[in-house]
Amino acid sequence: MTVQAALLLSCIAFLGTHLLLSHPLRGPLVRAIGEGAFRGLYSLVALITFASMIYSYRRCGREPPLWDAGGAGWIAGTVLMWLAAILFAGSFLGNPALVGARGPRGGPTGVLRITRHPMMWSFAIWAGVHLIILAQPKSLVFDGTIIILALAGALGQDRKKARLMGEAWHEWTAQTAFVPFTRGLAFPGTVALAGGTILFLIATWVHPIPAGIWRWIG
């Protein structure tokens, strides 16, 4: 088996098991082994399959890029990664889509005025930027898997919350956007902006290759 085939299979395993355990198999397994044991199993499977993805990805080595992102790509990627960091930081503040969170209270605030799934979109944007900048075949597989999982997970959260909360969730989705900024521009909030900016600066500073603003001022 080639390393590329191993990467593809590990990505399929990660995506498939994540979606199966998140939705059709969750109920039967929770009833069979209990909520705590299920969470442990879920985490273990996710850890093993994701570790396999990373291992296979690294074994692929550096591949010839399919395109050159150029300076414009790096600038766009920097801005998008900053946005992803802000969405991620703000996703922990009053987000009713988080596991175990209660239903929405009041109207959307902070990053929830940008999208009702800020954490999932932060992952999708992160993967999309790496895919565009690296432009290697292995990136199409690895980062494409993250994008699919993040967006499918967001859709799954909507369906699950609608089933559990009924009209309350439908009222919430009527006030919020699935795709960021499709309901207009919105300020993410001071805490999310500050926290996301700090996270962005640190993450790009320790990045294996010069990234973010450090690419130009480092």
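Student: Okay, so helices here are DSSP runs of H or I, at least four residues long, and they're numbered from the N terminus. Where is the place of A135, then?

Tutor: A135 is in the loop between helix 5 and helix 6. Keep in mind while you look around that this is a predicted model.

Student: Got it. What is the phi of A135 near?

Tutor: It's near 55°, a positive value, and A135 isn't a glycine. For background, most residues other than glycine have a negative phi.

Student: Is A135 buried or exposed?

Tutor: A135 counts as buried because its relative accessibility is 0%, and the cut-off for buried is under 20%.

Student: What about F181, what's its phi near?

Tutor: F181 also isn't a glycine, and its phi is positive, near 70°. You'll find F181 in the loop between helix 7 (167-175) and helix 8 (190-205). With a relative accessible area of 30%, F181 is partly exposed.

Student: What is A186 in contact with, leaving aside its neighbours within four places in sequence?

Tutor: A186 touches R113, I114 and F181. A186 itself is in the loop between helix 7 and helix 8.

Student: How many residues apart along the chain are A186 and I114?

Tutor: They're 72 residues apart along the chain, yet their C-alpha atoms are separated by 5.9 Å.

Student: New topic: how many salt bridges are there?

Tutor: The count comes to three. One of them joins the side chains of R26 and E35, at 2.9 Å from N to O. E35 also meets R39 in a salt bridge, at 3.0 Å from N to O.

Student: Which residues are linked in a network of salt bridges, then?

Tutor: That network is made of R26, E35 and R39.

Student: How many residues apart are R39 and E35 in helix 3?

Tutor: Four, so about one helical turn separates them in helix 3 (residues 35-59).

Student: Which residue does R116 meet in a salt bridge?

Tutor: R116 pairs with D158, at 3.0 Å from N to O. R116 lies in the loop between helix 4 (70-90) and helix 5 (118-134), while D158 is in helix 6 (residues 137-165), so the pair ties together parts that are 42 residues apart in sequence.

Student: Are R116 and D158 buried or exposed?

Tutor: R116 is buried, with a relative accessible area of 10%. D158 is buried too, with 12%.

Student: Back to helix 3: how many residues does it have?

Tutor: It has 25, and it reaches 36 Å from its first C-alpha to its last, close to the 36 Å expected at 1.5 Å a residue. Just after helix 3, G61 takes a positive phi of about 70°.

Student: Which residues in helix 3 are buried?

Tutor: F38, A46, T49, M53, S56 and Y57 are buried there. Their cover includes helix 1 (3-22), helix 2 (26-33), helix 5 and helix 6.

Student: How many aromatic pairs does the structure hold?

Tutor: Eight. One of them is Y57 with F142, a tilted pair at 4.9 Å centre to centre, with 50° between the planes. That pair links distant parts of the chain, since Y57 is in helix 3 and F142 in helix 6, 85 residues apart. Both Y57 and F142 are buried.

Student: Why is the pair of F88 and F123 tilted?

Tutor: Their ring planes are at 45°, so the pair is tilted, and the centres are 6.1 Å apart. F88 in helix 4 and F123 in helix 5 are 35 residues apart.

Student: Which residues do ring pairs link into a cluster?

Tutor: F14, F50, Y57 and F142.

Student: Last one: which residues form a nonpolar patch on the surface?

Tutor: I75, V79, I213, W216 and I217 do, with about 490 Å² of accessible area together. Helix 4 and helix 9 (214-217) are the elements giving two or more residues to that patch. W216 is in helix 9, and it's partly exposed, with a relative accessible area of 48%.

Key:
Residues are numbered from 1 along each chain as its sequence is written. This is a predicted model: local features need pLDDT of at least 70, side-chain atom pairs count only at pLDDT 80 or more; totals for chains, interfaces and linings use all residues. Side-chain values use heavy atoms; hydrogens and water are left out. A salt bridge is a side-chain nitrogen of Lys or Arg within 4 Å of a carboxyl oxygen of Asp or Glu. Buried means under 20% relative accessible area, exposed over 50%, partly exposed in between (1.4 Å probe, protein chains only). Contact means heavy atoms within 4.5 Å. Patches are made of residues with over 30% relative accessible area and no salt bridge: like charges are joined within 9 Å, nonpolar side chains (Val, Leu, Ile, Met, Phe, Trp, Tyr) within 5 Å. Accessible areas come from the Shrake-Rupley method with a 1.4 Å probe; for residues, only the protein chains shown count as cover. The expected span of a helix is 1.5 Å times one less than its number of residues. Rings of Phe, Tyr and Trp (its six-membered ring) pair if their centres lie within 6.5 Å; planes under 30 degrees apart count as stacked, over 60 as edge-to-face and the rest as tilted.
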